[in-house]
Amino acid sequence: GERPSDRDATIGVVAGPICGLKYQTATASGLTNERGEFPYRPGEAVSFMLGGLVLGTTAGAPWVNLAQLINRVAGKIDRLHDPLVTNMARLLLALDADCDPANGINLSPNTQAKAGAFTDAIDFSAANFGGDGTTAADKLVTAAGASCAGGKVGAADIAQQELQKTANRIISKRGFNRLPGASITSATAETDAAKVAVCPVNGTTFVENCAVALHGVNSGDAD
């Protein structure tokens with residue numbers, strides 16, 4: 001794909017990492033590499049796509065996760081169980097070339113090609129998104145020849161676990177201040193990060209610290 005010059009480009013990573021995901025900015029387009037990397041210029045928005053299906057658009061940043069692609073979630077880790085984020089993760093995990101999320105998600109060129117036929121059919125808000133072999137998402141998985149979840153979309157709880165693991169890796173390895181709008185709001189944030197090695201999404205002392213530190217001024221409630 002087209003890339004801005006090395007002098008102007010900043011490199012971002014789609015957390016996971018997710019390899020083979022289409023990206024597009026005002027100055028560059030292509031597929032994320034084996035490290036999930038994509039180039040962007042400061043201030044640019046970046047869109048991510050599967051075939052012709054736009055998964056979402058967010059501000060270019062050093063680290064981007066799926067939760068940032070859904071406007072009502074806006075990257076907030078306490079909303080990782082949102083059904084739109086969950087269903088997006090379910091589909092991508094089912095399309096992983098080696099079915100091993102521990103080393104990231106690898107989307108093959110064949111998967112991207114097959115996804116083009118399902119651009120208008122896949123609806124991440126559908127009550128029955130997949131898993132019974134009958135939905136558009138299931139049919140894409142079958143068409144792509146993926147076998148991770150028996151040739152169909154996998155379970156929601158597994159996807160949520162993987163979303164949480166990805167958020168944990170960003171927190172533990174890269175610190176709190178990584179997502180757009182994030183700001184360290186506590187002098188003890190680094191200590192808190194160590195304590196929440198698995199920054200849980202509900203009911204613990206540290207979940208508020210996690211959410212505030214990650215999201216700063218972008219912490220308003222969504223519908």
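Is Cys19 buried or exposed? I found Cys19 buried, at a relative accessible area of 17%. My cut-offs: buried is under 20% relative accessible area, exposed is over 50%, and partly exposed lies in between (1.4 Å probe, protein chains only).

Ground rules next. I am working on a predicted model, where local features need pLDDT of at least 70, side-chain atom pairs count only at pLDDT 80 or more, and totals for chains, interfaces and linings use all residues. I number residues from 1 along each chain as its sequence is written, and side-chain values use heavy atoms, with hydrogens and water left out.

**Disulfide**

I searched the whole structure and got 1 disulfide (a pair of cysteine sulfur atoms within 2.5 Å). Cys99 and Cys148 make the bond, with sulfur atoms 2.2 Å apart. The partners sit 49 residues apart, and the pair links distant parts of the chain. I placed Cys99 in the loop between helix 1 (83-94) and strand 9 (105-106). Cys148 falls in the loop between helix 3 (136-143) and helix 4 (156-174). Helices (H or I, at least four residues) and strands (E, at least two) are DSSP runs, numbered from the N terminus.

Cys99 is partly exposed at 35% relative accessible area. Cys148 is also partly exposed, at 27%.

**Asp8**

I located Asp8 in the segment before strand 1 (10-14). Asp8 is partly exposed, with a relative accessible area of 28%. Leaving out residues up to four places away in sequence, Asp8 touches Tyr40, Arg41 and Pro42 (contact: heavy atoms within 4.5 Å). I also took the C-alpha separation of Asp8 and Pro39: 9.3 Å, for residues 31 apart along the chain.

**Cavity**

I found 1 cavity of 30 Å³ or more. A cavity is a set of points on a 1 Å grid over the protein atoms alone where a 1.4 Å probe fits but cannot get out; lining residues have an atom within 4 Å of a point. Points join across faces, edges and corners, and the volume is the space filled by probe spheres set on them.

The largest cavity has a volume of about 210 Å³. Its lining has 19 residues, and Ala15, Leu66, Glu162, Leu163 and Thr166 are the closest to its centre. Helix 1 and helix 4 are the elements giving two or more residues to that lining. Helix 4 supplies the largest share, 6 residues.

Note on methods. 1 Å grid on protein atoms, 1.4 Å probe; cavity = no way out; pocket = protein on both sides within 12 Å on 5 of 7 lines; lining within 4 Å.
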